[in-house]
Amino acid sequence: MRNVLGILALAAALPVFAQELATGEVRRVDADAGKITLKHGPIKSLDMPPMTMVFRVKDDAMLQAVKPGDRVRFDAQKIGGQYVVVRLEPAN
C-alpha cells in the first residue's frame, strides 16, 4: 500500500508531458497578423467541439512551416482571453 501511495504522490507532482494534441486542417495563414485558421476536431483541453476558427500563434515562425490544406496536430490554450496555438506540428 505504501508503494501505491508513493507512486500516486509522484504522479501528482509531475507535470503533464503527454498532452493530447488536437487535429485539424489549415484553412488560412495570415503571417502579417500572426494568425492561423484551422478546421479542427475537438480540443479536449479547452472543452471545445469541432469547428473552424481563427487562432493566434505563440511563435510567428510556426506559420512559415504550414500552408492551406496541410493536416496538423496542435495544442491551443486560452491566454489573455484569446485562443493561442502554442504547439503546431504536421500530422502523420
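Trainee: Let's start with Phe55 and Phe74: are they buried or exposed?

Mentor: Bear in mind that this is a predicted model. As a general idea, nonpolar side chains in soluble globular proteins tend to be buried together. Here, Phe55 and Phe74 are both buried.

Trainee: How many aromatic pairs does a search of the whole structure find?

Mentor: One. To read such a pair, look at the distance between ring centres and the angle between ring planes; planes over 60 degrees apart count as edge-to-face. In this case the ring centres of Phe55 and Phe74 are 5.7 Å apart and the planes stand at 65°, so the pair is edge-to-face.

Trainee: Which parts does the pair of Phe55 and Phe74 tie together?

Mentor: Phe55 sits in strand β3 (residues 51-57) and Phe74 in strand β4, so the pair links parts that are 19 residues apart in sequence.

Trainee: And the core: which residues have the most contacts inside the largest nonpolar one?

Mentor: That core has 17 residues, and those with the most contacts inside it are Ile36, Leu38, Phe55, Val72, Phe74, Val85 and Leu88. The elements giving two or more residues to this core are β1, β2, β3, β4 and β5 (82-90).

Trainee: Take Ile36 as an example. What is Ile36 in contact with, leaving aside its neighbours within four places in sequence?

Mentor: Quite a list: Val26, Arg28, Val29, Met53, Val54, Phe55, Val57, Leu63, Val66, Val85 and Leu88. Now try Thr37 in strand β2 (residues 35-40). Buried means under 20% relative accessible area, and Thr37, at 14% relative accessibility, therefore counts as buried. Beyond neighbours within four places in sequence, Thr37 touches Glu25, Val26, Arg27, Arg28, Thr52, Met53 and Val54.

Trainee: In what order do the five strands close into a barrel?

Mentor: The general idea first: strands of a sheet pair through backbone hydrogen bonds, either parallel or antiparallel. Here the barrel closes in the order β1-β2-β3-β5-β4, with mixed pairing. Neighbouring strands of this sheet are turned by 55° against each other on average, ignoring direction.

Trainee: Where does the mixed pairing show up, say between β3 and β5: do they run parallel or antiparallel?

Mentor: β3 and β5 run parallel, joined by two bridges. On that side, Arg56 stands opposite Val84 in β5. β2 and β3, in contrast, pair in the antiparallel sense over six bridges, with Lys35 opposite Arg56 in β3.

Trainee: How many bridges pair β1 with β4?

Mentor: Four: strand β1 (residues 22-30) pairs with strand β4 (residues 71-79) in the antiparallel sense. You can follow individual partners in β4: Gly24 has Val72, and Glu25 has Arg71.

Trainee: What about β4 and β5: how many residues lie between them in the hairpin?

Mentor: Two residues lie between them, and Gly80 in the turn has a positive phi of about 55°. Eight bridges join β4 to β5, which run antiparallel.

Trainee: Now the loops. Where is Ala31 found?

Mentor: In the loop between β1 and β2. Ala31 has a relative accessible area of 39%, so it is partly exposed. Setting aside neighbours within four places in sequence, Ala31 is in contact with Leu63 and Gln64. The C-alpha atoms of Ala31 and Ala61 are separated by 8.9 Å, though these residues are 30 apart along the chain.

Trainee: And what is the place of Asp59?

Mentor: The loop between β3 and β4. Asp59 counts as partly exposed because its relative accessibility is 41%. Its C-alpha lies 7.5 Å from that of Val86, with 27 residues of sequence separation.

Conventions. Residues are numbered from 1 along each chain as its sequence is written. This is a predicted model: local features need pLDDT of at least 70, side-chain atom pairs count only at pLDDT 80 or more; totals for chains, interfaces and linings use all residues. Side-chain values use heavy atoms; hydrogens and water are left out. Two strands pair if DSSP finds at least two bridges between them. Axes are lines fitted to C-alpha atoms, for helices over the stretch in contact, and angles run from 0 to 180 degrees between N-to-C directions. Rings of Phe, Tyr and Trp (its six-membered ring) pair if their centres lie within 6.5 Å; planes under 30 degrees apart count as stacked, over 60 as edge-to-face and the rest as tilted. Buried means under 20% relative accessible area, exposed over 50%, partly exposed in between (1.4 Å probe, protein chains only). Contact means heavy atoms within 4.5 Å. A nonpolar core is a set of buried Ala, Val, Leu, Ile, Met, Phe, Trp, Tyr and Cys residues joined through side-chain atoms within 4.5 Å.
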